[in-house]
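The sequence and the structure come first.

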Amino acid sequence: MRAHRGKLGFGPGPGDEVFAASFLARREIVFDTELLGHAPDFVSIVAHEIYHFVWRRLPNAERFAWGELLRGEKRPRHAGLSSQLRYEVYLEGNRERHWKDYMCEAFCDTAAALTSPNVVISSQRKRWFGILMKKRRLPV
Ligand SMILES: [Zn+2]
């Protein structure tokens with residue numbers, strides 16, 4: 001499955017290979033059936049995609065606080081490939097739009113990593129999500 005310019009494609013063609021895609025306006029998530037045979041990855045990817053919906057509705061104060069946390073990380077320990085790739089794009093272009101994309105993917109990857117004992121997350125990120133969850137501010 002491929003994502004290209006906001007649309008999914010199947011078979012050869014342009015775009016990036018993805019296992020899932022969220023369509024926020026339609027409130028829809030599409031998963032690649034290859035995930036059915038890989039339960040741990042499936043759980044993590046489901047969590048990641050659900051947190052895209054949370055990010056979209058997260059109050060600006062929380063988004064700003066998350067961005068400040070990330071800006072304070074001198075050498076970020078990425079919680080997933082998606083945020084790592086977005087960070088590399090940001091470093092190449094150093095544009096605000098790329099930083100916002102990175103913030104979103106880092107948020108979703110970190111949230112997904114909280115479901116996995118195999119991914120190491122920084123104590124600051126764990127603490128930040130703990131506070132967010134205590135506030136019950138996870139709008140979907
Ligand atoms: Zn994502």
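In this predicted model, helix H2 (residues 60-71) and helix H4 (residues 96-113) have axes that come within 10 Å and cross at roughly 90°. Angles of 65 to 115 degrees count as roughly perpendicular, and H2 and H4 are therefore roughly perpendicular to each other. On the H2 side the contact is made by Trp66, Gly67 and Leu70, and on the H4 side by Met103, Ala106 and Phe107. Sorted by class, the residues of this contact are five nonpolar and one polar, with no charged residue.

The length of H4 agrees with its residue count: at 1.5 Å a residue its 18 residues should span 26 Å, and its end C-alpha atoms are 25 Å apart. The buried residues of H4 are Tyr102, Met103, Cys104, Glu105, Ala106, Phe107, Cys108, Asp109, Thr110, Ala111, Ala112 and Ala113. The helices they pack against are listed below.

| Helix packed against by buried residues of H4 | Residues |
|---|---|
| H1 | 39-57 |
| H2 | 60-71 |
| H3 | 81-93 |
| H5 | 123-134 |

The largest nonpolar core has 17 residues, of which Tyr51, Trp55, Met103, Ala106, Phe107 and Cys108 touch the most other members. H1, H2 and H4 each supply at least two residues of this core. H4 gives the largest share, nine residues.

Cys108 is also in contact with His48, Tyr51, His52 and Trp55, when its neighbours within four places in sequence are left aside. Two of the H4 residues that meet H2, Met103 and Phe107, are likewise among the core residues that touch the most other members.

Technical notes
Residues numbered from 1 in each chain as written. Predicted model: local features only at pLDDT ≥ 70, side-chain atom pairs only at ≥ 80, totals over all residues. Axes fitted to C-alpha atoms, helices over the stretch in contact; angles between N-to-C directions. Helix = DSSP H or I, 4+ residues; strand = E, 2+ residues; numbered from the N terminus. Parallel < 35°, antiparallel > 145°, perpendicular 65-115°, else oblique. Contact = placed C-beta atoms within 7 Å. Nonpolar A, V, L, I, M, F, W, Y, C, P; charged D, E, K, R; others polar. Expected span 1.5 Å × (residues − 1). Buried ≥ 20, exposed ≤ 12 C-beta atoms within 10 Å, placed from the backbone. Core = buried A, V, L, I, M, F, W, Y, C linked by C-beta atoms within 7 Å.
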